[in-house]
Amino acid sequence: MTWTTDNQKNLMLFSGRAHPDLAQAVADELGIKVTPQTARDFANGEIFVRFEESVRGSDAFVLQSCPYPMNQWVMESLIMIDALKRGSAKRISVILPFYPYARQDKKHRGREPISARLIADLLKAAGADRIITVDLHTDQIQGFFDGPVDHMHAQGQLADYVRENYGTDNVTVVSPDSGRVRVAEKWADSLNGAPLAFIHKTRDPLVPNQVKSNRVVGDVEGRTCVLIDDMIDTGGTIAGAVKVLNDAGAGDVIIATTHGVFSDPAAERLANCGAKEVIATDTLPIPEEKRFANLTVLSIAPLLAQTIREVFENGSVTSLFNGSA
């Protein structure tokens, strides 16, 4: 008797309930469908997930963003991973466009958790083989997961938009604090060597989401300032930075961020802070009530689809960033 098998790899895309529009956009880019599933909550808050197709031997990609309520979507991700593992998926890659608990990446004082590491441990324990994420709060989080981590960057899309709409001749890249100057340097390189500035600020470690912006270091007078950050939560830091730039005589101020968390009262602050435009990606869902007139949302789906394709075909993810990622 002779046995023959079909050893072709099978790519399957799975979506959590947090951001189905992004998953569908990624599926459209790849020319595939999102695998149908049943997902519901019991009356006591328990989450139930069942996939409607066989996942045996598949190269499974689970896409889950983590907006509010974050803990629910983290738990749903773990349950989806467990279901795939028990369904005999061959490899499970978890796509977290916005990595949960990324700001808790180190201990500031004694008796504090490192929650970003805990998330990585939970994903590994559930059965994840690989993590794909976008613009981590700090690069060190990549080392928390015991396995491959593809750290993607939205800078390409954001910088291209700035270049096409504002040019590069009179642009200054501004970091909201000294800690993100290295990221600002990469931005400056992508904008034809634009000059740099940064905001000197102080933060009280005992009071979350409150920052006092002091002064701008660098020449911004009369220049179009591109103020960059990885995420905007309540908008207090970035609104304060815009005020400092305006007080220093800056021309137009453009805010560029990857993750638009936009917790209240961010929309009101950003709409009235004096920035000409706020550019964000859709790594997190931004519902209508969080949108405002000068907000532009760019799709991250093409980048995620390219990453999935490279991972599935055993290609080079680094090649998507000209070898510099």
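Strands β2 (residues 37–41) and β3 (residues 47–51) run antiparallel and are joined by five bridges; two strands count as paired if DSSP finds at least two bridges between them. Strands (E, at least two residues) and helices (H or I, at least four) are DSSP runs, numbered from the N terminus. Asp-41 has Ile-47 of β3 as its bridge partner. Five residues lie between the strands of this hairpin, and Gly-45 adopts a positive phi near 100 degrees there. The model is a predicted one, in which local features need pLDDT of at least 70 and side-chain atom pairs count only at pLDDT 80 or more, while totals for chains, interfaces and linings use all residues. Residues are numbered from 1 along each chain as its sequence is written, and side-chain values use heavy atoms, with hydrogens and water left out.

Turning to the parallel sheet, five strands form an open arrangement in the order β1-β4-β5-β6-β7. Its edges are β1 (11–15) and β7 (149–152), each of which pairs on one side only. From one strand to the next, the twist averages 20 degrees (axes are lines fitted to C-alpha atoms, for helices over the stretch in contact, and angles between N-to-C directions run from 0 to 180 degrees). Five bridges link β1 in the parallel sense to β4 (residues 59–63), and Ser-15 has Leu-63 of β4 as its bridge partner. Helix α2 (residues 70–86) packs on this sheet, touching β1, β4 and β5 (91–96), where contact means heavy atoms within 4.5 Å. The direction of α2 makes about 165 degrees with that of β5.
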